[in-house]
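The entries below follow the order in which I looked.

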Amino acid sequence: MSGGNGRDAILQERHIVEVKLSDLQSEFLFDFSLTLQAPLDIGSGPEGHRLIVMTSGGRFQGPRLSGTVLPLTGADWPRIRSDGTFAFDARACVRTTEGSLIYVTCSGRLVVPSPELLPAVLDVMGDDPVDPSSYYLRTHMTFETSDASTAWLNDVLAVGVGRIGHGGAEYRVHRVL
């Protein structure tokens with residue numbers, strides 16, 4: 001019995017698995033816009049410079065999922081790290097147009113290459129927002145719901161690319177397949 005054929009089959013299978021693991025695929029989930037309040041500046045502490053940003057509403061719109069961000073259900077508790085990176089940790093509750101309630105958790109990074117540009121980027125109320133191509137705003141999202149029609153979201157990891165300005169933040173969100 002030749003050991004080469006079995007070994008070749010194993011190597012071929014391993015290659016197929018490695019190719020599948022290396023290919024990141026996604027599917028557009030929704031556009032997500034949040035209406036934000038002016039940040040509360042807590043100041044510098046042991047974990048970095050802390051802010052609190054309350055969410056007063058918003059919308060999400062996509063091919064399978066649309067609805068509103070419920071007011072008074074969310075906030076972001078970001079901090080500016082010593083290296084200038086803005087690390088955020090946000091929560092909110094959304095309601096689909098069909099009435100499903102979904103708890104959304106977001107974490108991510110805002111990287112502004114030029115420290116003097118950071119205050120302008122963080123000025124969510126500004127009428128003249130900073131061009132989003134001049135900074136990096138990315139998030140990952142998870143979801144929790146008890147509604148059977150949206151239960152598929154419980155196993156979804158989503159990623160978003162965002163921008164700040166005009167009273168809020170906007171993200172184009174994709175489900176990672």
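**Notebook: rings, pocket and a strand residue**

I began with a charge and a ring: the charged end of R64 sits over the ring of W152, at 3.8 Å from the centre of that ring. I note at once that I am reading a predicted model, and that every value I write down here is computed from it.

The mean pLDDT of the chain is 89, and 88% of its residues reach 70 or more. Confidence is lowest in helix α1, residues 3-22, where the mean is 62, whereas strand β4, residues 66-69, has the highest value, at 98. Where pLDDT is low, the predicted coordinates should not be read in detail, and I keep that caution in mind.

I then turned to the aromatic rings. A pair of such rings is described by the distance of the centres and the angle of the planes. How many aromatic pairs does the structure hold? I find three. One of them joins F30 and F32 in a tilted arrangement, with 5.7 Å from centre to centre and 55° between the planes, and both of these residues are buried. F30 also pairs with F143, this time edge-to-face, at 6.3 Å centre to centre and with 80° between the planes. This second pair links distant parts of the chain, since F30 belongs to strand β1 (residues 26-36) and F143 to strand β9 (residues 136-144), 113 residues apart. I checked the burial here too, and both F30 and F143 are buried. Taken together, F30, F32, F60 and F143 form one aromatic cluster.

The largest pocket holds about 160 Å³, and its lining is made of 13 residues, with D31, R163, E170, Y171 and R172 lying nearest the centre. Which elements give two or more residues to this lining? They are β1, β3 (48-61), β10 (157-165) and β11 (168-176). By type, the lining of the largest pocket divides into five nonpolar, five charged and three polar residues.

Last, I looked up I42, which has its place in strand β2, residues 40-45. Is I42 buried or exposed? It counts as exposed, because its relative accessibility is 54% and the cut-off for exposed is over 50%. I42 and I52 are ten residues apart in sequence, and their C-alpha atoms are 7.4 Å apart in space.

Conventions:
Residues numbered from 1 in each chain as written. Predicted model: local features only at pLDDT ≥ 70, side-chain atom pairs only at ≥ 80, totals over all residues. Heavy atoms only, no water. Phe/Tyr/Trp six-rings, centres within 6.5 Å; stacked < 30°, edge-to-face > 60°. Buried < 20%, exposed > 50% of the residue type's maximum accessible area, 1.4 Å probe, protein only. Helix = DSSP H or I, 4+ residues; strand = E, 2+ residues; numbered from the N terminus. Lys NZ or Arg CZ within 6 Å of the ring centre and 35° of its normal. pLDDT = per-residue confidence, 0-100. 1 Å grid on protein atoms, 1.4 Å probe; cavity = no way out; pocket = protein on both sides within 12 Å on 5 of 7 lines; lining within 4 Å. Points joined across faces, edges and corners; volume = space filled by probe spheres on them. Nonpolar A, V, L, I, M, F, W, Y, C, P; charged D, E, K, R; others polar.
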